[in-house]
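Subject: The model, and what turned up in it

Hi there,

Here is the structure I promised to pass on.

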Amino acid sequence: MTKLTFPKYSNLCGWNAMLPPREPHAALDGSLTVDYAIVGAGYTGFAVARRLQELDPQARIAVLEATTVGEGASARNSGFTGAHVLPRNASIEMAQKAQVQTTFFREAYDWLMSIVRDNGIECDIQQAGSIRGAATEQGEASLRKVLEVAQANGIAHSVLSRDDIHRRIGSPYYRFGIHMQDTVLLQPAALIRGLADALPSSVALHENTPVTAIRRKDGGWILETSGGVVKCKQLALATNGFIPKFGYLKSRMATIYTYAAVTEEIPDGRLGEIGESEAWGLLPSHRLGTTLRRIGRNRVMVRSLYAHEAEIDEGRAKAMLRDRFERRWPNLKDIGFEYLWGGTTAFTMNGAPWWGQLEEGLYASGGCNGSGIAKGTMLGRHLAELMLGKGNAHQAMAQSMGSASWIAPEPLRTIGFHFVSAIERRKAGLEI
């Protein structure tokens, strides 16, 4: 049996399904020799490829994607991004660290937005900001600490009462909130598809080309695929939580599945029930809480649930997402879900990514912990610079971001995940 080195989802990505059909790039057929190979066509992988091309224009570069662009994890997120770092669970002591991280996020975010503008990528970008919402007293206490950091770091924001949030999203569920003005909402499948189309001509993208094995040979690297072999001088693994499937970082990260659903179109006469704001997104005060977003004119997205290393049953996922939706909008119980999907992210014990060199000529970046657009772009950009020995910010960036700490092996990892999840769900309460 072929080794599975990528997530094999049971449902198509709803974000991708909302877009017109797309013709994928051809799968690899035969042998290919390049200077640099990147495994994974997500935000990190594309950032590595583009930055390598900028710094080494004559280089031969290949990006290998196991499935198709728009069906991977990069398209399965909630579509929130921005330049400021403001942790969900924050304290005033973290303000200085967040300022340093923001410097790196800002650089990557501005670079990404310039690529979007220069290439005319249509991905429904909306400078709508985001709401950090609390449904419980404990959640409000947590957000008030976040508020201290926002104030200390000069991040534009406003405090929201229950009535304020109710007017914006049409639900009285949340008692307290903070509106962060810098957050951008976008269509993640359209963005990642646009970045694929905007790759420089010197970068070869091969979709439906899963890499099944890698090995070192003659001072370079060999990548095996079902359609052929790639030889390269340097290799970057940008597959996030699936890096351990190649034998690396098994003690540093685990794969977590999360779930999202999008409603069918809500009739025009009932749009007031999802708020007066035409575009809004809400992030929970607790890490296991529920993320919400208005999509287009007349749909709502609900994202929640966490499963360790494998998908949960579709019926169970749908029922649990329905519960979260109906508790917030009980008057919309008759509105069904049109799309439902799961997606992976890489979980690390301390929330820090793993980034850097694994072996001679082999580099990796993973452990985004559910914050992939700006962070993945930042890590990929700097990984390319590290590969070429360019730039002087690697040490400062690594220090500010930290590095993924040790995580217990199986079966202790699974036992620990379920134990901690149960405790955290109890703490989260109505934030879920």
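Below are my notes, going from the overall fold to single residues.

First, some ground rules. This is a predicted model, so to speak of local features I needed a pLDDT of at least 70, and side-chain atom pairs count only at pLDDT 80 or more, while totals for chains, interfaces and linings use all residues. Residues are numbered from 1 along each chain as its sequence is written, and side-chain values use heavy atoms, with hydrogens and water left out.

**The overall fold**

The chain has 10 helices and 18 strands; these are DSSP runs numbered from the N terminus, with helices being H or I of at least four residues and strands being E of at least two. Its C-alpha atoms fill a box of roughly 65 × 50 × 45 Å along the principal axes. Of the 432 residues, 58% are buried, where buried means under 20% relative accessible area, exposed over 50% and partly exposed in between, using a 1.4 Å probe and protein chains only. Among contacts with a separation of 6 or more, 77% join residues 24 or more positions apart; a contact means heavy atoms within 4.5 Å.

**Strand 15 and its partners**

Strand 15 (residues 299–308) is largely enclosed by the rest of the structure, because nine of its 10 residues are buried. Strand 12 (residues 254–263) pairs with strand 15 in the antiparallel sense over seven bridges, and two strands count as paired if DSSP finds at least two bridges between them.

Thr 263 in strand 12 is buried, at 0% relative accessible area. Beyond residues up to four places away in sequence, Thr 263 touches several others, including Arg 299, Val 300, Phe 325 and Phe 337.

**A cavity and a pocket**

How many cavities of 30 Å³ or more does a search of the whole structure find? There is one, and the largest cavity holds about 90 Å³ of space. On a 1 Å grid over the protein atoms alone, a cavity is a set of points where a 1.4 Å probe fits but cannot get out, a pocket is an open set with protein on both sides within 12 Å along at least five of seven lines, and lining residues have an atom within 4 Å of a point. Grid points are joined across faces, edges and corners, and a volume is the space filled by probe spheres set on the points.

Helix 2 (43–55) gives the most to the cavity lining, with four residues, and helix 3 (95–118) supplies at least two. The lining includes Tyr 43, Arg 50, Trp 111 and Thr 377, and divides into eight nonpolar, one polar and one charged residue. (Ala, Val, Leu, Ile, Met, Phe, Trp, Tyr, Cys and Pro count as nonpolar, Asp, Glu, Lys and Arg as charged, and the others, Gly among them, as polar.)

The second largest pocket has about 330 Å³ of space. Its lining has 16 residues, with Tyr 306, Ala 307, Arg 316, Met 320 and Arg 425 nearest the centre. Strand 15 provides the largest share of that lining, five residues, and the lining splits into nine nonpolar, four polar and three charged.

**Some single residues**

- The peptide bond from Glu 410 to Pro 411 is cis, with omega near 5°.
- Asn 240 has a positive phi near 55° and is buried at 18% relative accessible area.
- Asp 124 also has phi near 55°, but is partly exposed at 43%.
- Ser 365 sits in strand 18 (residues 362–366), is buried at 3%, and has Asn 240 among its contacts.
- Pro 20 is exposed at 55%, and its C-alpha is 9.8 Å from that of Ala 190, 170 residues away in sequence.
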